Amino acid sequence: MQFHHHGYVSTDPRVQPAAGNGVDRPTELPDQMDVLVVGTGPAGMITAAQLSQFPNVNTRIIEKRPHRLEIGQADGIQARSVETFQAFGFANRLIDEAYHITEMNFWKPDPADPAKIVRTARTKDDPNGVSEFPHLIVNQARILDYFAEFSLLSPGRVEPDYGIEFVDLTVHPDGEYPVEVRVRHTAGEREGEERTVRAKYVVGSDGARSGVRTSIGRKLSGDQANHAWGVMDVLAVTDFPDIRTKCAIQSQSGGSILLIPREGGHLFRMYVDLGEVPLEGSAAVRATTIEEIIERANKIMAPYTVDVKNVAWHSVYEVGHRLTDAFDDVGDADTDIDSPTRTPRVFITGDACHTHSAKAGQGMNVSMQDGWNLAWKLGHVVEGRSPESLLRTYSGERQVIAKNLIDFDKEWSTLMATKPEDLEDPSYLEDFYVKTAEFPAGFMTEYQPSMITGDTEHQDLATGYPVGKRFKSARVARVCDTNPLHLGHQAVADGRWRIYVFADAQNTAAQEFGEWLGTSPDSPVVAHTAGFGTAGQDDDALFDARVIYQQPHEEVDISTVPAVFKPKVGPFDLHTWEKVYATLPEEDIFEERGISREGAVVVVRPDQYVAAVLPLTDKTALTEFFKPIFR
C-alpha cells in the first residue's frame, strides 16, 4: 500500500482523498448520472467498487431494500475470487474470518449394510496448487460489506442508495444521457413516490427476476427446473464425524446431501435432495417445510442424526440452467465492433443473465467477475480514455464463460442427484471432483482474441502466462528493500493496465526498452498518459509498469534502472522505488512461469487477465496493441 506521497498520514491509510464526484457527493439520487447500477448483490457491488476508483465518473447504485443485506444466500468463495479480493484490499481480513475448505469427503452406502452410510474417499480441495489463496466459506453479506467499505473509502465515495427500486427504462437514440429510468422509493418519507432519472449507462445486477433484463427484451432460456433441493443454515447437535468438513453424501434410497461447514466453528449448511419435481408440481415442492427438510436429512444420514437447535435461514429451490443470448441491449446482430449499429447502453450481470444450481459454488463468484469485467471498461469509456467500442467486448467475453459454467453445473448437479449404484464407476463422483478442480476454483476462464486480448504468437516467451487467462502470481524479491513478496499481489483494483517487463539486468535490450517505454512518443505510456486528466497527474496514472530481473537483488543497481520503473507521484514528485524486482534464490519466477531468459513483456488487463505476451525487442508490437484501446 502506497501512502504519505501527498503528505504525512496518521489515520487509516486505506482512506483515499475524495476527488471528482466524491467531493461533496449528493446524498439524494441525482436527476442525471454517468452510470446507474441496479442492485447491491455481488455483481452490482463490485461494479460500484471498481467505478469508485474513477472519481470523474458519476456512479450511483440503487437497492430496493431499505438497508444492507443481513443474511446472504451465497457463501462459497473460490480461490479466484480471493485473488480478486486481494486487489480490492480485503482478502487477508476475509481469510481470517472465513471457514477454509482444504478437503472434501465422500460418503456412500455401506456395502455390508446399504441402509447406512460410510466414508469412502477423502480428496484434496486444491490438489495441484492452482492458487496461493484458499477456498473459503463466508456469508455473502460480509462480501458486500467489504465492497461497500472499499467504495466509500475510494476517491469517488460511492455508497448505495437504499430504498429505491427499478421500475423500467427506455433507451433514446441520442442525447448525452440517453437512458431514461423510472424508479420508485420503497422506504422513508418518499415511500411510493416515482421519479425519472437519466444515465449514460445502466448496469442491471438485479437478480434472476431482473427488471432491467425485461426492459431491454432479453429472456432467460434453457432447461426447465426438474429437481428440487432444500437448503438450510443450521446450528445442530450431531454425531456425524465429518460435520466440519465439506462432504458429498449419497444414500441408498433417501437421496443426497451436500454439506458445507460455515464460518464461526458451529454453523453449517446442508443442500438436501428433495427429489424429482413432477409436472405442475413446483408449488407443492416449494411448500416443503423446514421440518420436512430436517427429516429428509436425517433419513439420508442414517445411522447418524442431526438434532437441529436453530435455523438461521432456509429455502427450497429447483435446479434450472438458463442463459440470455446477450448481456447487453445491442445483441448478436450488432456485435461487429468495426461497424456497430450503436453502442450498448444497458448491460446485465450475474443472475440477471445466467442462472444455475448452487452445487458448483459459482453463482456469486462468476457474477463478481461479470461486474469487474464491465466496470473498468465503463470507467475508461466515460472518462474519455477509450472508445465506446471497448464496451462491446463485455457481452462477447462473459456470455461464453456463463455457458461453460452452466455446462459444468449440469453435469455436477446431475451427478450429485444420481444414486451411487447408477453411476458407471463407484468412484466416478470423487474422480470428477478431482479432475475438474480447476474449473470450480475459477481458473478455467480464457478470453479469446479481441481488441483487448492478443494472439498467442509469442506465447513461448512466457508459457506460464497463457494469453486470455488470469495472471498467476509468483514470488519475487523487491530490490529497494530486499523484501520477498508476491508480484501479483502488488496490483490493486484501480483500473490501470499492467506492463510487466521480464529482463536480464546485464542485457542492453532491457535498458533500451525501458528508456523507450518512458520517453518515446510511440510508447503507449507516453502517448496515452500525456495530457490526460488534471495537471500534475502521476507518471503511472494509466499504466503500472514494473520490471523483474532474472538476477538476484544484490546484482541489480537500482540507480541505473530506467525512470519509467521509478515513476514520480504525488504533488512533491516523489519517486516510487517499489516497482523493481529480482528473482529469489529458491523461487525463480523465470523458471516457475516459463519465461524466456531473452526477456518478455507481459501485458495484463485491469481485471488481472493476461492481454498479451510480446518480445522485449518488438516495441512496435506494444504500440500497435494499445492503439485501438485508447483514444
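The model is predicted, so local features need pLDDT of at least 70 and side-chain atom pairs pLDDT 80 or more, while totals for chains, interfaces and linings use all residues. Residues are numbered from 1 along each chain as its sequence is written, and side-chain values use heavy atoms, without hydrogens and water.

Helix α2 spans residues 79-87 and helix α8 spans residues 363-382; helices (H or I, at least four residues) and strands (E, at least two) are DSSP runs numbered from the N terminus. The two axes come within 10 Å and cross at roughly 40°. Axes are fitted to C-alpha atoms, for helices over the stretch in contact, with angles from 0 to 180 degrees between N-to-C directions. The crossing of α2 and α8 is left-handed (near helix turned anticlockwise from the far one by less than a right angle; clockwise is right-handed). On the α2 side, the contact (heavy atoms within 4.5 Å) is made by Arg80, Ser81, Thr84, Phe85 and Ala87. Helix α8 contributes Asn365, Met368, Gln369 and Trp372. By class, this contact of α2 with α8 holds four nonpolar, four polar and one charged residues. Ala, Val, Leu, Ile, Met, Phe, Trp, Tyr, Cys and Pro count as nonpolar, Asp, Glu, Lys and Arg as charged, and the others, Gly among them, as polar.

Helix α8 also packs against helix α1 (residues 42-51). Here the axes are 7 Å apart and the angle is about 30°. Helices α1 and α8 are therefore roughly parallel to each other. Their crossing is right-handed. From α1, the contact draws on Pro42, Ala43, Ile46, Thr47, Gln50 and Leu51. From α8, Met364, Ser367, Met368, Gly371, Trp372, Ala375, Trp376, Leu378 and Gly379 take part. The contact of α1 with α8 divides into 10 nonpolar, five polar and no charged residues.

A further helix pair is formed by α11 (residues 508-519) and α14 (residues 619-626). Their axes come within 11 Å and cross at roughly 35°. The crossing of α11 and α14 is right-handed. Glu512, Phe513, Trp516 and Leu517 in α11 meet Lys619, Leu622 and Thr623 in α14. This contact has four nonpolar, one polar and two charged residues.

One cavity of 30 Å³ or more is counted; a cavity is a set of points on a 1 Å grid over the protein atoms alone where a 1.4 Å probe fits but cannot get out, and lining residues have an atom within 4 Å of a point. The largest cavity has a volume of about 180 Å³, taken as the space filled by probe spheres set on the points, which are joined across faces, edges and corners. Its lining comprises 20 residues, of which Phe471, Gly488, His489, Ala491 and Gln608 are the closest to its centre. Helix α2 and strand β23 (497-503) each supply at least two lining residues. Helix α2 gives the most, with four residues. The lining divides into nine nonpolar, five polar and six charged residues.

Alanine 302 and proline 303 are joined by a cis peptide bond, with omega about 15°. Proline 303 sits in the loop between α7 (290-300) and β17 (306-318). Threonine 482 is not a glycine, yet has a positive phi of about 65°. Threonine 482 is found in the loop between β21 (475-478) and β22 (484-486).

Conventions
On a 1 Å grid over the protein atoms alone, a cavity is a set of points where a 1.4 Å probe fits but cannot get out, and a pocket is an open set with protein on both sides within 12 Å along at least five of seven lines; lining residues have an atom within 4 Å of a point. Angles under 35 degrees count as roughly parallel, over 145 as roughly antiparallel, 65 to 115 as roughly perpendicular and the rest as oblique.
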